[in-house]
Amino acid sequence: MVLLTLSAALPSLRPPPCAKNGVGCRRASSSQIAVLYLSLLCTSIGTGGTRPCIMAFGRPARGAKPRWSFFNIYFFGIVLAKLTAATAVVYVQENIGWGWGLGIPTLTMLAAVVAFVSGYSLYVRMPPGGSPMVRLAQIAAAAFKKRKAAMPDPSLLYQDKDLDVGISTAGRLLHTDQLKFLDKAAIVTGGDMLPSGEPKLWRLSTVHRVEELKSIIRMLPIWAATILLVTSGSHNSSFAIQQARTMDRDVAPRFRIPPASMLVFANLAMLLTLAVYDRVHVRALRRRTGHPTGITHLQRTGVGMALAVLANAVAAAVERRRRSVAAASGLLDAPEATVPMSVLWLVPQYAIHGVADAFMDVGRMEFLYDQAPESLRSTAAALYWLTNSMGSYLGTLLVTIVHSRTRRSGQWLQDNLNRGKLDNYYWLVVALQVLNLVYYFLCVRYYTFKTLETVGDDKEVELDHVNVDGNGAATAKKGAKESFR
């Protein structure tokens, strides 16, 4: 952020401003572009490192119940920051200068770093238990080496509480019957142990470690279903803004809404939904369902997916009306002309997208955090942010395919929206979302929640088996006990 601010503030790090008539603009030099790209690269690396790890700081203390309000508050803060950036920061950039426009976020980031370091002594710090990626690779290697071994009774699979103590402070994962080929990594054979009695981890893994890999694999189908969620909303920052640019944006005698500021309505809707859901709906639903979050994570995500379908259906209907108004006004070949239709017609689709995001974003983050193994929760958070990236790339791919396939029959996505068929593109997205929603329901129907042992006050291990009904609701059934050593 410091480099980015300097590249905007220092004359030596940016090209001189263009003349008022827009001619005689000088291109940036190679060194100036290098500084800009370096600052963007550092920002991307920093963001990729902090976002997944922030969620790990939200984990409850050992023995405490999860506080799911944390996720609502976390996303409330993120959306509030986006809203501030889209209004106050943009105003500073446009009216004062890019130096201050980038300098204010830089100072804010500096204050955040100071606050983080100041609270370091208050954090619950645990020694690292080794790289989770290495452990997953060890399990795969051990299972492959023993692929021809006969499966024994699950009770004979290798267990080692002392080995797993650093990666199972909330309890060890219990054996499940899915993905049985991975269980072969926990079969004890000759040559698996060192003279000291410790296992050779590239040949033998504990049941807990095998179940870590199983948990990640079981989550992937549901995780994949959420990629299209990001794709379905990616046009809000592209095509919907192009629509707004062609419409009547005067909402007051002296106020005209900038096209890009339409995203504010999605942010406001998400903020309001998060606040009402956390303070009102969760408490009401909790009394009816007995679930700590009111409804399950998967149910919350499903509601968001259904709302996203509705948002794009509304977008298609509004675009069809906008084109009909343009045709009635004789503006089909006048893309720069203002269509006599208020830009506020776009507010419903943005608002519904905001409400959908309040359900989807929190629901899928809660699911990944809850179902990921204890030592892989930051990895699960990284999967969430990876979904956003992949969804954006998928949106670009979808636009490219539509361009290619509609070239002969009349381009759907033209520079002149009045002659295009953007509403057809929206209906295509709706159809893909419906298929994705069916796929999601099938994944939820056959998903197996992880099983975990918990430590009671009597120093014994209570085996909590989590069962899932047809609605995705989890119920706990207490099983046998064994002494905790």
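How many helices and strands are there in the protein? There are 14 helices and 7 strands. The model is predicted. Of the 485 residues in the protein, 41% are buried. The protein exposes about 26,000 Å², and carbon and sulfur atoms supply 63% of that area. Among contacts between residues at least 6 apart in sequence, 73% join residues at least 24 apart.

**Strands 1 and 4**

- Strand 1 spans residues 247–248 and pairs with strand 4 in the parallel sense, over 2 bridges.
- The bridge partner of aspartate 248 in strand 4 is serine 342.
- Strand 4 covers residues 339–342, and its side chains alternate between two faces.

**Aspartate 278 in helix 10**

- Helix 10 runs over residues 263–289 and contains aspartate 278.
- Aspartate 278 has a relative accessible area of 10%, which is under the 20% limit, so this residue counts as buried.
- Beyond its neighbours within four places in sequence, aspartate 278 is in contact with Ser69 and Asn72.
- Aspartate 278 and serine 69 are 209 residues apart in sequence, but their C-alpha atoms are 6.7 Å apart in space.

**Aromatic pairs**

- The whole structure holds 10 aromatic pairs.
- One of them joins tyrosine 74 and phenylalanine 75 in an edge-to-face arrangement, at 5.3 Å centre to centre and with 85° between the planes.
- Tyrosine 74 and phenylalanine 75 are both buried.
- Tyrosine 440 and phenylalanine 441 have ring centres 6.1 Å apart and planes at 55°, so this pair is tilted.
- Tyrosine 440 is buried at 1% relative accessible area, while phenylalanine 441 is partly exposed at 47% relative accessibility.
- Tyr74, Phe75, Tyr384 and Trp385 are linked into a cluster by ring pairs.

**Arginines over rings**

- Arginine 300 lies over the face of phenylalanine 359, at 5.9 Å from the ring centre.
- Arginine 445 lies over the face of tyrosine 446, at 5.5 Å from the ring centre.

**Cysteines**

- The count of disulfides is 0.
- Cysteine 42 is partly exposed, with 43% relative accessibility.
- Cysteine 443 has 13% relative accessibility and is therefore classed as buried.

Note on methods:
Residues are numbered from 1 along each chain as its sequence is written. This is a predicted model: local features need pLDDT of at least 70, side-chain atom pairs count only at pLDDT 80 or more; totals for chains, interfaces and linings use all residues. Side-chain values use heavy atoms; hydrogens and water are left out. Buried means under 20% relative accessible area, exposed over 50%, partly exposed in between (1.4 Å probe, protein chains only). Helices (H or I, at least four residues) and strands (E, at least two) are DSSP runs, numbered from the N terminus. Two strands pair if DSSP finds at least two bridges between them. A disulfide is a pair of cysteine sulfur atoms within 2.5 Å. Contact means heavy atoms within 4.5 Å. Accessible areas come from the Shrake-Rupley method with a 1.4 Å probe; for residues, only the protein chains shown count as cover. Rings of Phe, Tyr and Trp (its six-membered ring) pair if their centres lie within 6.5 Å; planes under 30 degrees apart count as stacked, over 60 as edge-to-face and the rest as tilted. A charge sits over a ring if NZ of Lys or CZ of Arg is within 6 Å of the ring centre and within 35 degrees of the ring normal.
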